[in-house]
Amino acid sequence: MSVPKYFSSSSSILNHIFRFVFPHLVVFSPFQACGDPKAKPSYLVDKNLESAVKFIVRKFPAVETRNNNVTQLQKEKSEILKNLALYYFTFVDVMEFKTVNFDLTKNYLDLVVTYTTLMTILSRIEERKAIIGLYNYAHEMTHGASDREYPRLGQMIVDYENPLKKMMEEFVPHGKVRYALISLHMVYPRRNLSADQWRNAQLLSLISAPSTMLNPAQSDTMPCEYLSLDTMEKWIVFGFILCHAVLNSDAAALTLWKLALQSSTCLCLFRDEVFHIHKAHLYVRIGSMHRERRKFLRSALKELATVLADQPGLLGPKALFVFMALSFARDEIIWLLRHADNIQKKSTDDFIDKHIAELIFYMEELRAHVRKYGPVMQRYYVQYLSGFDAVVLNELVQNLSVCPEDESIIMSSFVNTMTSLSVKQVEDGEVFDFRGMRLDWFRLQAYTSVSKASLGIADHKELGKMMNTIIFHTKMVDSLVEMLVETSDLSIFCFYSRAFEKMFQQCLELPSQSRHSICFPLLCTHFMSCTHELCPEERHHIGDRSLSLCNMFLDEMAKQARNLITDICTEQCTLSDQLLPKHCAKTISQAVNKKSKKATGKKGEPEREKPGVESMRKNRLLVTNLDKLHTALSELCFSINYVPNLAVWEHTFTPREYLTSHLEIRFTKSIVGMTMYNQATQEIAKPSELLTSVRAYMTVLQSIENYVTIDITRVFNNVLLQQTQHLDSHGEPTITSLYTNWYLETLLRQVSNGHIAYFPAMKAFVNLPTENELTFNAEEYSDISEMRSLSELLGPYGMKFLSESLMWHISSQVAELKKLVVENMEVLTQMRTSFDKPDHMAALFKKLTSVDSVLKRMTIIGVILSFRSLAQEALRDVLSCHIPFLVSSVEDFKDHIPRETDMKVAMNVYELSSAAGLPCEIDPALVVALSSQKSEEEYKIACLLMVFVAVSLPTLASNVMSQYSPAIEGHCNNIHCLAKAINQIAAALFTIHKGSIEDRLKEFLALASSSLLKIGQETDKMTTRNRESVYLLLDMIVQESPFLTMDLLESCFPYVLLRNAYHAVYKQSISANA
């Protein structure tokens, strides 16, 4: 078939340039579909211009600028010209394309389809007359005349009201297009086969014939093997619609026509714009045929990808198979996408494919192989071109009987170009470019196809076949990326967002398909390939859509994985909970009773299952819920771990970071949730139980590293470190704040109310028998194991916050004590110097007010300090296990501070020691807390506070609860905690005021012993009922103090009294127990 001499260059350029017209035209179609008024030019929706626009459309294409209906356009004319210019000249471009197309569409099917598509989309734009007319009215008002293109453009719009009818009339003189269409009768039927025919031919299989595995894949029509089936169908349908007369005279044409109609119900015009071929069709047959094709392609592409992953060298000889597979799969995916969105019968399942993700995934895997092993393919085809293709082509050229000079020069350049190639160019990273060679071959085809050509290509078919093969081989060297776009670009998903998201959700819902879910974010990398350099205004819109979809997909995948992990953690926490000591009592009881042959429990009561029974399998078919969760998680994690990162529109996404982020958030919420804190009832989980649950949770999270390459230690560090602070990074309360509040507001408050006592012998707080039983057992929250668990959970930072909170409460109590001292300052000043005058002291003591309040507040301080002592000891034990060498170094440093060391330096050492849980002579946290209190005569008040406490001690003897209990090594009303309070408060206050701690404590001891000795002379039994128990306080104070000694006590208070006191309280305890 003859064609114009410059057809090759012109057609290539036209097809490239006029593709940019489509985006501008289709701007109007989407808002018609989804009703988005924002997409329209503002003048078309302006209520003030509505009547003018309707008048222009009614009169189109005539122009009447003096009519009253359009006078209101006068003010807006310049803005209309400016804003509608892009749309107007897009329509002009369509008109120009129509003018050129008459000379080109005879033999070039792509131009036929492009022309048909343009005119069809143009006819669908409802606002075309309004835009063109509005622009022209504004132009005439501004320039005094219509735009020079307007008459032709207006006539074209009117002519193409029914585009197909008009184009059929235009194509009557161009009947030779049928020859190009009929040339498909060998290619199209071979491509449009059923899945069974593909299967019988073992299509795309590399292992069906092992002996030929290394042989290069060959075909006489190489470019047709991976040509899109969708493209051929558009050629056939649109071509025969325009030249329909040939269907009555040519059986081959009619066969092609019927076959194309039986394959689809609608064709793609551009993106999501479709052309419905017919309204009624055999949906079931069409759907089942394509469903079977997809089923075959899934297995075929999986086999191909697996073989190539193992033997990437086969990408060289079998590259054609790869691009055929990609093209076949792409055709089926786009067919499903188009028909699922446009078919009328929604009931059939053939248009819903829950396994579509698997097919897309294998496509992405093949694309990844091509990109990764591109240099392997380059080496193979560079050697192929220089060592075989050049030789064969040279022989064919030499054997030509006639070869004009121009054609000879072109073919000689082909041979020379290929001969000059070498593997070294690949190794040196040289960039190859064979575009000129391919365009020369395009021109040569044009030269040899014109009528009366000296060298006719039809007479030298071997030359044509060889050149087609060579062109394919050159593309394997310099155009691999372009080949991937040509055969496997799925950017059309960008315009089917709803269907795209639905497919993704179906993929996640099916556990067997979730391993392929990464293909959806990967598809977002395709979207920018649908943009055109001549239409830059849509790049941002498409780019933003690709980013938002990719982000949404990765986020949903991470959420799904997080939910699975959470379910597994819940199961593991339940199993871990069964191993807690509290659950073993019943088992032990049953064992004891069984041994003693006692009948217990109700008859028929099922025996409690022992932990670990769930791991015993009777057969392999038994699948537990935990098995299902692990399977689903491993599948999804495979997808998340498939690629380290994705590049989408100059942005990089890292799937694993999405999972890490979600795990951090969920781990944070889970830890806080596992405390089971109820503010209304003040219930909270025991620290040991929470620690067990957290460890079970962490064990599961650590196992995630077996599935995904993430640093789970980083998650632990981020989350657990935040939990040691008062609030986490989101401003939410942490376990540190929850437990701190609970211990202060619940446990210690009940101690102050007399419901709980601190038992030094047990190193725990214990509930006292009262009328109103507490809802919790204090011992279960404060014994050494619970405090160690608390230290493990909160860490040094959290324990420091707990200490600071305790110190704040102590500070508030000290502030109240100072107020009481100020109220009694005059009396206390006299008492301080009159301790050797018993009668005068007795008279002064009667003048004191709020004596009980002072002792109660000091006792509260002592209780708080006792609790802190337990917490510090537990912290020291925990740190000694984790960092023994560091703790021992800190301890050694503290123990060897020289006495002459400056107090500021010493306090820094104490602060370090306190952070490690080590006891210090002076509590640095208490010093900091009390330093904020400033008033006049602060030092004097501190001295008088010690006097107040010392002279108030004898009143404790009259309290019935002041009896000392040897079993608990303390008093039930917690007055034994006064020893710690007196020492710690004195040390802190006199450090702040730079006084002598030792001198002030000696003064306190003198006053206290003097006051206590007086009650030995009392005769009132009620006043002295617990005299011996109170005497023991002096011994406790000295034992607790690093500044006082027993020798000093002996000089103030006879030791025989202490010995007798101990004897009396032990004797009293024995008799009480008896």
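I take buried to mean under 20% relative accessible area, exposed over 50% and partly exposed in between, with a 1.4 Å probe and protein chains only. The model is predicted, so I note that local features need pLDDT of at least 70 and side-chain atom pairs pLDDT 80 or more, while totals for chains, interfaces and linings use all residues. Residues are numbered from 1 along each chain as its sequence is written, and side-chain values use heavy atoms, with hydrogens and water left out.

Entry on cysteines. I looked for disulfides, defined as pairs of cysteine sulfur atoms within 2.5 Å, and the structure holds 0. Cysteine 519 is in no disulfide, and its nearest cysteine sulfur, that of cysteine 507, is 6.0 Å away. With a relative accessible area of 0%, cysteine 519 is buried. For cysteine 535, the closest cysteine sulfur belongs to cysteine 530, at 10 Å, which is too far for a bond; cysteine 535 is also buried, at 2%.

Entry on aspartate 923. I found aspartate 923 in the loop between helix H40 (903–915) and helix H41 (924–931), where helices are DSSP runs (H or I, at least four residues) numbered from the N terminus. Aspartate 923 counts as buried because its relative accessibility is 6%. A polar atom of its side chain lies 3.0 Å from the backbone nitrogen of alanine 925. Neighbours within four places in sequence aside, I list Met807, Arg868 and Gln984 as in contact with aspartate 923, contact being heavy atoms within 4.5 Å.

Definitions and conventions
Helix = DSSP H or I, 4+ residues; strand = E, 2+ residues; numbered from the N terminus. Polar contact = N/O pair within 3.5 Å; in protein donor to acceptor, adjacent residues only side chain to side chain.
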